[in-house]
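Try each task first, then follow the solution step by step.

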Amino acid sequence: MAGENAKRFSTHTAVSGGSDGNKNGEKKDLWSSMLDKATSAQPLPKKNILLLGGTVDSQREFFESLASSELKRTFDRNGYKIPPVANSFALGYTYYDVLDADQEDTLARISLYTLTSPAPSFASLIRPILTPESIPNTLIVILLDWSKPRKWMRQLRQWIFLLRTIMPELGPECEETMEEVMASWKDRGRGGGTNLDGTASGPPNDIALPLGPGEWEDALGLPLCVVCQNAENMEVFEKNHGWREEEFDQILQFLRTVLLRHGASLIYTTPSTPSQLPSLIHSSLGIHSLLKKSPLKHNVIDRDKIMVPPNWDSWGKIRVLRDGFDVELVSKGWGIDLIEHPQKGPRKKEDGKTGEENADQGESDDDEYDDGSEDDDQSEEPEGSTVALYESQVRDNDESALHSASKASQSTKLEVETMDTQTFLAEQAKALEKYRQKEEESSRDEAARSKVAKSNNYSSRSDDDEHGYYDGEKPITESKGLEHVIGPVQFNMGGIQVDADDMVQRLRERQTNQTGNAEGEDVGEDAGEDVAPLDTEKLQDFFQNLMNRRGGPGK
């Protein structure tokens with residue numbers, strides 16, 4: 001027995017020892033094949049965002065607000081460099097990776113394609129992005145800015161025109177894929193087994209609710225999200241331009257009614273303020289964290305934090321926001337705008353270049369393409385147009401200081417342009433010369449008025465001299481002048497109160513009578529006797545001296 005056991009042991013040992021090397025090799029091959037299969041079975045999902053509208057700077061702000069936390073995590077974990085945003089020329093591009101909540105697993109890589117001008121010639125740049133494989137993983141985002149809200153309807157219409165020129169040329173396979181994508185989007189949040197954010201909500205056999213009025217009437221073939229940036233400008237409009245809460249609600253009602261026809265979502269954002277933008281964008285692309293769920297929460301109360309998820313809105317909810325809004329009229333008018341309004345072409349500038357040529361040289365701007373945002377008037381719009389109705393009810397504050405600060409389309413362009421120093425000094429010299437001429441004219445006028453006043457004063461003094469008034473050092477010689485100055489002069493002479501004016505007048509009359517009698521009249525019995533003549537001049541001087549004394553009457 002012992003021998004048999006020994007033989008068994010030795011045989012087992014020999015067999016196992018001889019097959020050790022082969023088993024190690026098989027194990028290595030087995031693990032390698034399993035890892036290869038796992039890697040090939042779960043490739044990194046690739047998603048696309050087609051970012052339309054805005055400026056070079058606003059597109060970069062959107063990218064930073066959307067991917068700042070993701071880029072920071074990736075940089076801290078792997079030491080990768082943050083990818084640049086190449087959006088200065090025509091069709092721009094950048095990308096970023098979406099990480100899970102534990103920052104370990106990469107959920108998807110998002111490629112961001114940017115375009116700032118709706119010129120039809122750029123349609124050829126967008127077509128290669130839309131393929132049957134990429135369409136189910138693509139989201140369209142249109143940027144609007146709160147610095148110029150009156151242009152929103154025109155801008156939206158122009159971008160939809162551009163997309164409508166692209167979709168029919170993609171081929172039947174792409175059209176079929178788009179129809180499938182739109183059919184799945186229409187069932188979101190309607191009890192068909194899918195939530196608003198695209199996650200499963202129940203059994204797939206659940207019956208979805210029917211569409212309401214005005215919903216999904218103009219499907220674009222791709223999901224759409226509209227982002228209104230710089231919502232903090234609403235406070236500026238309220239304080240500086242007197243906007244009221246009703247006006248902000250009216251703009252929101254127009255937007256929600258128009259976007260309801262396309263099944264689009266809407267969100268307001270503010271720089272450096274947390275928002276639901278990343279959650280909305282990622283859920284629209286079908287990216288969901290396995291560790292932490294972030295459900296979308298609608299918000300139509302806080303005016304600067306508006307968030308309307310896809311398939312949540314309806315005409316009834318829009319009417320509740322503010323009474324008096326005709327949602328049916330606006331929805332019907334938007335359909336008229338998309339059908340009857342002709343496609344505008346690129347206008348030429350002073351240099352003879354079109355908007356596309358300038359855009360190829362890095363000069364993309366809202367003004368390069370004639371979208372009717374400035375030159376069109378309401379008479380050119382079709383009857384019942386929502387664009388014309390919107391612009392007639394929204395104030396035009398585009399030329400205010402707020403808009404002038406946001407006109408720059410390039411990050412290297414100054415927001416404030418200063419005047420040349422020599423030009424400024426030349427204008428100031430002209431202004432100073434005008435002031436000097438005015439000063440000289442006023443001085444001459446003042447001198448002329450002073451000369452006339454002196455002449456009038458001299459004439460009045462000459463008139464006073466004729467009546468015996470003082471002129472310089474001349475004394476008053478007339479009794480009328482004396483009476484005018486100090487009143488009648490009386491004095492006591494031998495106990496008798498004598499009036500000086502009366503006495504002088506009597507002396508003059510007596511001298512006149514004596515002169516008349518001496519010429520031929522008989523003076524009586526004493527006519528032959530010599531009578532000494534009375535010297536009236538001495539008497540007048542005597543009384544005059546009495547009057548010139550300052551002693552007063554009775555002295």
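A residue is buried when its relative accessible area is under 20%, exposed when it is over 50%, and partly exposed in between, using a 1.4 Å probe and protein chains only. This is a predicted model, in which local features need pLDDT of at least 70 and side-chain atom pairs count only at pLDDT 80 or more, while totals for chains, interfaces and linings use all residues. Residues are numbered from 1 along each chain as its sequence is written, and side-chain values use heavy atoms, with hydrogens and water left out.

**Exercise 1.** Decide whether Trp216 is buried or exposed, and look at its phi.

Step 1: Find Trp216 in the loop between α6 (172-186) and β5 (224-229). Helices (H or I, at least four residues) and strands (E, at least two) are DSSP runs, numbered from the N terminus.

Step 2: Its relative accessibility is 7%, so Trp216 counts as buried.

Step 3: Most residues other than glycine have a negative phi. Trp216, however, has a positive phi, near 55°.

**Exercise 2.** Work out where Asn230 sits and whether it is buried or exposed.

Step 1: Asn230 belongs to the loop between β5 and α7 (233-240).

Step 2: With a relative accessible area of 13%, Asn230 is buried. Its phi is positive, about 55°, although Asn230 is not a glycine.

**Exercise 3.** Describe how α5 packs with α13 (residues 386-393).

Step 1: Their axes, lines fitted to C-alpha atoms over the stretch in contact, come within 9 Å and cross at roughly 155°.

Step 2: Angles run from 0 to 180 degrees between N-to-C directions; those over 145 count as roughly antiparallel, so α5 is roughly antiparallel to α13.

Step 3: Trp152, Met153, Arg154 and Arg157 of α5 meet Thr386, Val387, Tyr390 and Glu391 of α13.

Step 4: Among the buried residues of α13 are Thr386, Val387 and Tyr390.

Terms used. Angles under 35 degrees count as roughly parallel, over 145 as roughly antiparallel, 65 to 115 as roughly perpendicular and the rest as oblique. Contact means heavy atoms within 4.5 Å.
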